[in-house]
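Let's take a friendly walk through this model, starting with a pair of helices and moving on from there. Please have the viewer open as you read.

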Amino acid sequence: MTNTRMLSLIGIYLVIFIDNLGASLIIPMLTTIAHDPVSGLISEGSEGFRNGVYGVALGAFSIAMFFGAPLLGALSDGLGRKKTLLLCLSGLAMSYVLLAYALAFKSLWLFMAGRLIGGFFSGCLPVAQASIIDVTEEKQRARYIGYIMFFVSLGYVVGPLIGGYLSDPALVPWFNLQTPFIFVATLSVVNLLILLLVFQDQKADAKKRAMTLPNPIANLLDAVRIKDIRTYALLLLLMLVGWNIFFQFIGLYLTGGLGFAQQEVSNFISWTGFGLALAFLFLVGPAMKVLKPLSMVGLALVLMAFCIGVTLLNTNLYILYLLAVLGAVGFGMSYSGLMSQLSICVDASKQGSIMGMAAAIGAFSAGFSGFAFGFVANISVNAPIECALFFVCMAITICCKKHYGRYIQQGEL
């Protein structure tokens with residue numbers, strides 16, 4: 001591989017890293033942003049209003065991604081990969097600058113605008129994946145595509161640390177809640193310059209390709225229309241809603257319920273990212289060699305439920321870290337198993353549609369979790385985590401019914 005192509009790959013992987021770093025960066029900061037009347041966003045307001053802002057800030061990002069990801073993917077086919085990636089990075093940099101300004105001027109509307117813009121332009125993973133395919137040789141492609149999950153996981157490990165530590169004035173006097181956003185905006189601009197200088201579209205006809213505008217709502221409705229995958233799509237939805245509630249609101253629970261400091265929350269969420277990396281990079285492949293996808297999903301869901309449940313009952317810091325890692329492993333393995341099962345259910349001509357449907361479910365579940373359960377947190381800081389456990393247990397019930405129902409139909413039980 002030439003040096004130019006290698007630099008192009010580095011730039012593309014950096015896009016993926018920044019994408020996922022942005023999704024996890026804000027989690028350890030958001031309790032302070034929504035609840036601290038001095039350094040945060042809201043000077044005056046009830047506890048219920050602040051919890052609502054917490055949830056809406058999370059949900060707005062994911063709902064914007066729900067519409068942005070398929071549109072950016074289609075745009076890259078018509079406009080070209082390079083221009084689309086540059087557009088994504090420009091949008092991300094602008095969103096982080098808006099978030100920093102919003103905190104400086106305590107503007108709630110500007111903050112939400114930054115979250116919407118950031119969510120829309122964070123949906124560039126399909127573009128990055130297509131770009132990697134474009135710049136790699138066929139015999140090396142699987143290896144370089146496999147690296148995607150490493151950088152996805154790396155974003156979830158590093159993001160919370162950046163958010164928690166770069167916003168702490170106890171470490172450096174001029175650190176504040178704006179510092180992490182300025183840092184990632186700068187990183188986005190650096191990445192933009194790298195791609196501008198070294199990345200070239202490998203498709204000579206990039207400007208000539210017709211662009212078909214996608215319909216993310218239709219992708220979501222495919223989960224209902226296609227009979228063979230309906231149950232697996234429901235399983236994916238329930239599992240993702242449960243996980244997203246846990247991941248999005250664990251910072252609020254640890255701070256409000258257990259009195260964790262911001263850096264402790266950052267460390268906890270970073271360990272969750274480590275669990276994702278462990279699952280995606282080292283455990284999913286071997287597990288799939290010895291277990292059928294649906295069996296792996298069932299076992300992984302039980303692990304998730306156990307870890308979420310014990311988190312509610314335990315206050316020991318080290319045990320909580322261990323539960324975070326194991327819970328994330330359960331999520332990574334259940335997600336991979338469900339994606340494999342969905343892929344098995346359709347032929348080659350429908351693989352793109354099924355992946356689009358799964359992506360739509362993922363973005364919708366994250367948006368729904370944020371919007372709905374910020375208000376549930378008004379009941380208690382435990383309530384969202386208890387709801388997360390409920391959704392995962394629902395998924396376990398459906399998974400068991402599907403798994404054992406299949407054997408009953410085959411006369412094996």
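In this predicted model, begin with helix 10 (residues 230-258) and helix 13 (residues 317-344), whose axes come within 10 Å and cross at roughly 160 degrees. Angles over 145 degrees count as roughly antiparallel, so helix 10 runs roughly antiparallel to helix 13. The crossing of helix 10 past helix 13 is left-handed.

Now look at the side chains where the two helices meet. From helix 10 come Tyr232, Ala233, Leu235, Leu236, Met239, Leu240, Trp243, Leu254 and Leu258, and they meet Leu320, Gly327, Ala328, Phe331, Ser334, Tyr335, Leu338, Gln341 and Leu342 of helix 13.

The largest nonpolar core holds 114 residues, and Ile33, Phe181, Phe268 and Leu301 have the most contacts inside it. Helix 10 supplies the largest share of this core, with 17 residues. Take Leu301 as an example: beyond its neighbours within four places in sequence, Leu301 is in contact with Leu235, Met239, Ser334, Val392, Ala395, Ile396 and Cys399. There is also a second, separate core of seven residues, among them Val284, Met296, Ala300 and Val329.

Finally, a backbone detail. Most residues other than glycine have a negative phi. Lys106, however, has a positive phi, near 50 degrees. You will find Lys106 in the loop between helix 4 (81-105) and helix 5 (108-121), where Lys106 is partly exposed, with a relative accessible area of 31%.

How values were computed:
Residues numbered from 1 in each chain as written. Predicted model: local features only at pLDDT ≥ 70, side-chain atom pairs only at ≥ 80, totals over all residues. Heavy atoms only, no water. Axes fitted to C-alpha atoms, helices over the stretch in contact; angles between N-to-C directions. Helix = DSSP H or I, 4+ residues; strand = E, 2+ residues; numbered from the N terminus. Parallel < 35°, antiparallel > 145°, perpendicular 65-115°, else oblique. Left-handed = near helix turned anticlockwise from the far one by under 90°. Contact = heavy atoms within 4.5 Å. Core = buried A, V, L, I, M, F, W, Y, C linked by side-chain atoms within 4.5 Å. Buried < 20%, exposed > 50% of the residue type's maximum accessible area, 1.4 Å probe, protein only.
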